[in-house]
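Here are some friendly notes to read beside the model. Please keep the structure open as you go through the points.

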Amino acid sequence: MTPQKIIIDTDPGIDDAMAIFFALNSPELELIGLTTIFGNGFTDLTTTNALRLLEIAERPDIPVAVGAAQPVADRFDEPGSVVHGDDGQGNVHLPPPTAKPVDQNAAAFIIEQVMRAPREVTLVPIGPLTNIALALHLEPRIATAVREVVIMGGNALVPGNITPAAEANIFHDPEAADTVFGTSWPVTMVGLDVTQKTVMSSEQLGKLAQSTTATAQHLSAIIPFYQDFTLKANKFHGIYLHDPTTLAYLVAKDAFQTLQRPVRVETQGFSRGKTWIANDQTNKWSTAWQNRPPVNVCIGVNGPQISDLILERLM
Ligand code: RIB
Ligand code: CA
């Protein structure tokens, strides 16, 4: 089996760290680069964290490309410190990394990698979609050269998490998200409809804490911060597996139920960032969804199967 080449576009982030380690521990996947974005922190911090995580995993050879510092049409000024810590890693304050990012920015890195290996590279954005929209703007041919785009973001049939309307990654750059969902390319939306059904229980977290690998020990040091937030905000003792579920989709697609629907992203008012899927494939209800390509929208998942898979890969 030839592993699937992936680039993770990421804002690490506690669940981002889980996703990156999941990818590195999965023989089905070959992580060829990380590109960074704001979200759980400003982009300079998320870049430092991406480098730190690769060093913990003893993979400093994997390139890290620095992404956009701001959304395409708005200002970003509120990082997710309350969920992920001031350092984006549960306030464990890791030492500075030794490695440096590559000279190319994230959009240029994505374009070069996708165009160099047509239909081989899958993009996995697990933060706001700014870098992906910029890459599309600079080189529209990536839309036909990419293998797949698998996005952690959005909420089709369930409420949001950062506002009642919107999921955090889409909320931080709705204009970019509407561009990405409006492009004709093979996009899958792994949103809150499935990531909030995929939970790691405190019992599973206890098992993870028994692992002596450096990556599992790092996760066990940072996850309690996220777990405390989840207990206060969502009133349960485990954690949602947003970003690792998106990587798990690539290795266990059969565990997910999907609908093929055009997606529009609200960019105005108090519903800013809401992902609206069309009622059906005919798009007869509104011109806003007409002439938009279908997106593969995840609406159901075997949550226990996926959380077991994630735990196994992180041990
Ligand atoms: O809404 C969940 C998403 O927001 C995840 O990507 C998490 O890392 C945060 O950025
Ligand atoms: Ca993330």
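Which helices each supply at least two residues of the shell around ligand 1? They are helix 1 (14-24), helix 7 (168-171) and helix 12 (242-251); helices (H or I, at least four residues) and strands (E, at least two) are DSSP runs, numbered from the N terminus.

1. A word on conventions. This is a predicted model, in which local features need pLDDT of at least 70 and side-chain atom pairs count only at pLDDT 80 or more, while totals for chains, interfaces and linings use all residues. Residues are numbered from 1 along each chain as its sequence is written, chains are lettered from A and ligands numbered from 1 in the order in which they are written, and side-chain values use heavy atoms, with hydrogens and water left out.

2. Start with the shell. Ligand 1 is surrounded by 13 residues, and D15, N40, N161, E167 and D243 are the closest; a residue is near a molecule if one of its heavy atoms lies within 4 Å of it. Sorted by class, the shell has five charged, five polar and three nonpolar residues.

3. Now look at the side chains that reach oxygen atoms of ligand 1. A polar side-chain atom of E167 lies 2.4 Å from one such oxygen, and a polar side-chain atom of N40 lies 2.9 Å from an oxygen of the ligand. For N169, a side-chain N or O atom is 3.0 Å from an oxygen atom of ligand 1. Taken alone, ligand 1 exposes 280 Å², and the protein buries 94% of that (Shrake-Rupley method, 1.4 Å probe).

4. Next comes the calcium ion, ligand 2. Its protein donors are D11 (OD), D16 (OD), D16 (OD), I126 (O) and D243 (OD), at 2.3 to 2.6 Å; donors are N, O and S atoms within 2.8 Å of the metal (3.2 Å for Na, K and Ca), and sites may look incomplete without water.

5. Finally, two backbone details. P12 and G13 are joined by a cis peptide bond, with omega about -15°, and G13 is in the loop between strand 1 (4-10) and helix 1. R119, a residue other than glycine, has a positive phi near 60°; R119 is in the loop between helix 4 (106-116) and strand 4.

How values were computed: A polar contact is a pair of N or O atoms within 3.5 Å; within protein, one must be able to donate a hydrogen and the other to accept it, and residues adjacent in sequence count only if both atoms are side-chain atoms. Ala, Val, Leu, Ile, Met, Phe, Trp, Tyr, Cys and Pro count as nonpolar, Asp, Glu, Lys and Arg as charged, and the others, Gly among them, as polar.
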